[in-house]
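Dear colleague,

Please find below the structure that I am handing over to you.

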Amino acid sequence: MSPEEKKERRKASDKVYRESHREEHKAYMKAYQKAYREDRREELDAYNKAYREANKEKTKAYREDHKEEKKAYLKGYLEANKEEINAQKKAYREDHKEEIIARVNAWQDANPEKMKAHRKAYRAKHKDLIKIYEKTYYEANKLQVQAYREDHKEEKKAYNSEYYETRKEERKTYQTAWRKSNKDKIRAYNSARNKRKYGLVKPRTRERDNHTCQICGKAWTNGPALSVHHINYDDTDNRMENLITVCVTCHAKTTFGNRDEWQAYFNFKGVKAI
Ligand SMILES: [Zn+2]
């Protein structure tokens with residue numbers, strides 16, 4: 001056998017050996033490297049730290065340059081491994097359930113303002129859904145809800161009154177602004193309610209009194225209609241002869257003044273039924 005042939009044979013046999021011991025060798029190298037790293041951990045840590053420190057700006061610039069690339073890569077990776085990642089997440093959550101709940105609760109306790117804002121934003125975003133949910137829940141649990149409300153009536157009352165007390169000014173400002181911006185709505189509501197309550201009695205009273213205040217004589221020209229006053233102060237007595245047309249100013253006089261005197265005044269004047 002020539003030396004050349006010997007060399008070739010040796011090479012081939014080495015190859016076969018390496019092939020058959022590949023996994024073994026891999027494991028050995030891995031363990032060796034691990035042990036090496038363990039032995040020199042402090043040294044390596046110090047080296048890595050120094051390296052990072054020295055290349056900080058460079059690394060930052062590199063990251064900045066490859067930001068979009070990385071983002072795209074991550075997105076692709078997440079998308080491609082969605083199922084697996086979700087399963088992993090789920091398993092992790094199952095395994096660490098108590099821990100997670102405790103952590104979330106602790107965070108919520110430590111950040112009440114953030115939670116408040118978060119709840120508010122959530123309610124605003126899902127307003128319609130919440131309404132539907134509440135309605136459905138109420139329909140399905142009517143008796144329980146009513147019983148619960150009955151049981152917590154006093155509590156709620158106390159809470160409400162405290163709430164109103166602490167936000168009195170805020171509420172006032174809010175209500176004034178609301179009334180101002182919903183003027184037409186309020187007027188339509190009041191007029192519908194009056195129609196329901198009095199039918200055509202009030203307009204007929206005004207018609208009969210010639211759209212003129214029956215105390216001071218002021219005539220209606222424009223703006224809100226003149227008031228109609230119940231002569232005997234019984235709001236349910238809507239007979240025409242118990243009603244009289246008055247302006248807002250005079251209506252205040254009949255409401256807050258001496259009621260007997262005002263009643264006598266109208267009786268003396270005599271009010272017609274039609
Ligand atoms: Zn008047």
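In this predicted model, strand β2 (residues 243-246) is covered on both of its faces. Leu-243 and Thr-245 are buried on one side, while Ile-244 and Val-246 are buried on the other. As background, side chains in a regular strand alternate between the two faces of the sheet.

The partner of β2 is strand β1 (residues 227-230); the two run antiparallel and are joined by four bridges. Within this pairing, His-229 is the residue that stands opposite Ile-244 of β2.

Which residues form the largest nonpolar core? It consists of 10 residues, namely Cys-213, Ile-215, Leu-226, Val-228, Leu-243, Ile-244, Val-246, Cys-250, Trp-262 and Phe-266. Two or more of these residues come from each of β2 and α16 (259-269). The greatest contribution is that of β2, with three residues.

One member of this core, Cys-250, deserves a separate paragraph. Apart from its neighbours within four places in sequence, Cys-250 is in contact with Cys-213, Ile-215 and Cys-216. Cys-216 is located in the loop between α14 (201-208) and β1. Is Cys-216 buried or exposed? Cys-216 counts as exposed because it has 11 other C-beta atoms within 10 Å, and the limit for that class is 12 or fewer. With neighbours within four places in sequence again left aside, the contacts of Cys-216 are Cys-247 and Cys-250. Cys-216 and Cys-250 are 34 residues apart along the chain, and 7.3 Å separates their C-alpha atoms.

Most residues other than glycine have a negative phi. Asn-210, although not a glycine, has a positive phi of about 65 degrees. His-211 is likewise not a glycine, and its phi is positive at about 50 degrees. As to their surroundings, Asn-210 is classed as exposed because it has 10 C-beta neighbours inside 10 Å. His-211 is partly exposed, with 15 other C-beta atoms within 10 Å.

I turn next to the helices. Helix α1 (residues 3-20) contains 18 residues, and the distance from its first C-alpha to its last is 26 Å, close to the 26 Å expected at 1.5 Å a residue. This helix is hardly covered, since the count of buried residues in α1 is zero. How far apart are the end C-alpha atoms of helix α6 (residues 82-95)? They are 20 Å apart, which agrees with the 20 Å that its 14 residues should span at 1.5 Å a residue. The count of buried residues in α6 is also zero, and this helix too is hardly covered.

Glu-68 is exposed because it has 8 other C-beta atoms within 10 Å. From C-alpha to C-alpha, Glu-68 and Lys-218 are 78 Å apart in space, and they are 150 residues apart in sequence.

Finally, some figures for the protein chain as a whole. The chain contains 16 helices and two strands. Its radius of gyration is 43 Å, whereas a compact globule of 274 residues would have one near 19 Å. Taken along the principal axes, the C-alpha atoms fill a box of roughly 150 × 50 × 35 Å. What share of the 274 residues is buried? Buried residues make up 6% of them. Among the contacts with a separation of 6 or more, 49% are between residues 24 or more positions apart.

Yours sincerely

Key. Residues numbered from 1 in each chain as written. Predicted model: local features only at pLDDT ≥ 70, side-chain atom pairs only at ≥ 80, totals over all residues. Expected span 1.5 Å × (residues − 1). Buried ≥ 20, exposed ≤ 12 C-beta atoms within 10 Å, placed from the backbone. Pairing = 2+ DSSP bridges. Rg over C-alpha atoms; globule rule 2.2 N^0.38 Å. Contact = placed C-beta atoms within 7 Å. Core = buried A, V, L, I, M, F, W, Y, C linked by C-beta atoms within 7 Å.
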